[in-house]
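Please read the paragraphs below with the sequence and the model side by side.

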Amino acid sequence: MGGVTAVSGKDTSFAHLIDERRKWYNNRRIIALNAWIVLLLITSSTNGYDGSMMNGLQSLPQWESAFGYPSGGKLGLLNAIQNIGGLAGYPFAPYVSDGIGRRKTVFFGATIMCIATAIQTASQSVGMFIGARFLIGFGLTFAANAAPMLVTEVSYPTYRAPLTSLYNSLWYSGSIIAAWTTYGTFKINSTWAWRLPSLLQGIPSVLQFFLVLFAPESPRWLIRNGREAEALKTLAYYHADGNEQDPLVVYEFEEIKAAIEYDRSVATNVGWKILIATPGNRKRMRIIVALAFFSQWSGNGLVSYYLTKVFDQIGITGSSTQLLINGILQIWNLGWAVFASFMVNRLGRRFLFLLSAALMTLFYMAQAICFAEYAEHGRPAAGHAVIAFIFLFYAAYDVAFTPLIVSYTVEILPYGIRAKGFNVFNFVVSLALIFNQYVNPIALDALSWKYYLVYVCWLAVEFVFLWFFLIETKNRTLEETAALFDGEDVLEQIANKAEGQHEVYEDGSLEKKSFGADNEAPRV
């Protein structure tokens, strides 16, 4: 099955409804909306902070001595326990997101993480540190389930794909802060060398705890829960300066209603079985599960959590040098991921994924060759070349897998199964991570450079899968994107209903109460 190509941006059903004067930089309501979205995007920073922090802490003698120089299974548990905590939250997260709303779920997760980071910072034993990291993972599951869905469900249509793609890209913002914090605290001759980085991990959660309940709720969630008037006001306020009769707002509102009505008409149950009950859903879940595994089994796990071991094997043993390279690598990653986020509508998801898989295979093969050369002959130049190819590999990974795995997952899922389907994605990611965190250090010790060849072969498999199964989704509304998997007839049915209602509004046959002059802001 080849990829399905979407229509061009100019031909999309909503393109002619966009007011070209309404931009992200000159419209107060869109600026305010994007500010709320940034508050949601930093949820990913907490996760990124953790991976880089654990890398950094392993290079800190102060942390190693405080916890008895952990290695082997103990080190694997310290790294994996956050994901184990995440696993504990997965059975509940989608029900909370769908039940109490996206905003309140983010608040709930942030509250748990605030408490957990305080315990982590005050840890007096390995058990206390492990328990705190378990709680961080548990709370993060709720926030990370709801936040990207709220971003994609409330964004202004033309900015939805880039903003949702930024969610996972900002993983690196947390990673950068952690890498440079541990580099800076390296010279502190006390336990604050590791306590300070642990404390800073709570900053995103503290901001969300105080602010997120003031953010707009998802119009999709409001409509699904019978609060259509509130949904219309939210769409109008942020997408059309408060004008409820704006053509774009009318189209969005009616299309969301049509899509939710369709989901209700075909859903015979609301349990987990619905994820595989229809051909369209099975296509979705095949791609989602594959992307979740690919995101962690592309060789990136070796660098993400065991960079120190890789450095040791290629002769770079100085703690200061290791921390410096780690910090520079995170900045490099953020730059490429953010760049790719703004290219998703122009270049398309399918092109970026295929480009990423092809380049990762090439650069990982080059890493394996250089690693083997260093291991067999001890040539310093080969060791340094490994570092260069690590940077090139991550640029290739960041072209698609960093920005798109979350945004593509949430956009191909219709509202009725979005929380559950996205939860399955996160669950599979955690399973893959836990496997990596236990297996990678053991395999690297046993096989050395030969372990890289396993990933080279796997990356080639990824490319083949993406070529045959990934569907293009660029330049469509959220509802149209989700409907792609259910057939052209469903896609046309939803679009036609929204267009028909939009024409009724234009003809004045249906009167709607305006949002109110007092609530309208002049377009700036």
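Which residues does Ile 328 touch, not counting residues up to four places away in sequence? Ile 328 touches Trp 180 and Phe 391, where contact means heavy atoms within 4.5 Å. This is a predicted model, in which local features need pLDDT of at least 70 and side-chain atom pairs count only at pLDDT 80 or more, while totals for chains, interfaces and linings use all residues. Residues are numbered from 1 along each chain as its sequence is written, and side-chain values use heavy atoms, with hydrogens and water left out.

Ile 328 is found in helix H17. Helices (H or I, at least four residues) and strands (E, at least two) are DSSP runs, numbered from the N terminus. H17 covers residues 319–341, and its end C-alpha atoms are 33 Å apart, in agreement with the 33 Å that its 23 residues should span at 1.5 Å a residue; the expected span is 1.5 Å times one less than the number of residues. Buried residues of H17 include Leu 323, Ile 325, Leu 329 and Ala 337.

Val 406 lies in helix H20. Because its relative accessibility is 3%, Val 406 counts as buried. Leaving aside neighbours within four places in sequence, Val 406 is in contact with Pro 148, Tyr 167, Asn 168, Phe 422 and Phe 425. The C-alpha atom of Val 406 is separated by 8.6 Å from that of Phe 425, 19 residues apart along the chain. Tyr 167 and Asn 168 are among the buried residues of helix H8, a helix (residues 160–169) in which ten of ten residues are buried.

Helix H4 (residues 72–89) packs with helix H7 (residues 126–154) at an angle of about 35°, and their axes are 6 Å apart. Axes are lines fitted to C-alpha atoms, for helices over the stretch in contact, and angles run from 0 to 180 degrees between N-to-C directions. The contact of H4 with H7 has 13 nonpolar, seven polar and two charged residues; Ala, Val, Leu, Ile, Met, Phe, Trp, Tyr, Cys and Pro count as nonpolar, Asp, Glu, Lys and Arg as charged, and the others, Gly among them, as polar.

H7 is also one of the helices against which the buried residues of H13 pack. Just after H13, Asp 241 takes a positive phi of about 55°.

Overall, the protein has 24 helices and zero strands, and buried residues make up 59% of its 524 residues.

How values were computed
Buried < 20%, exposed > 50% of the residue type's maximum accessible area, 1.4 Å probe, protein only.
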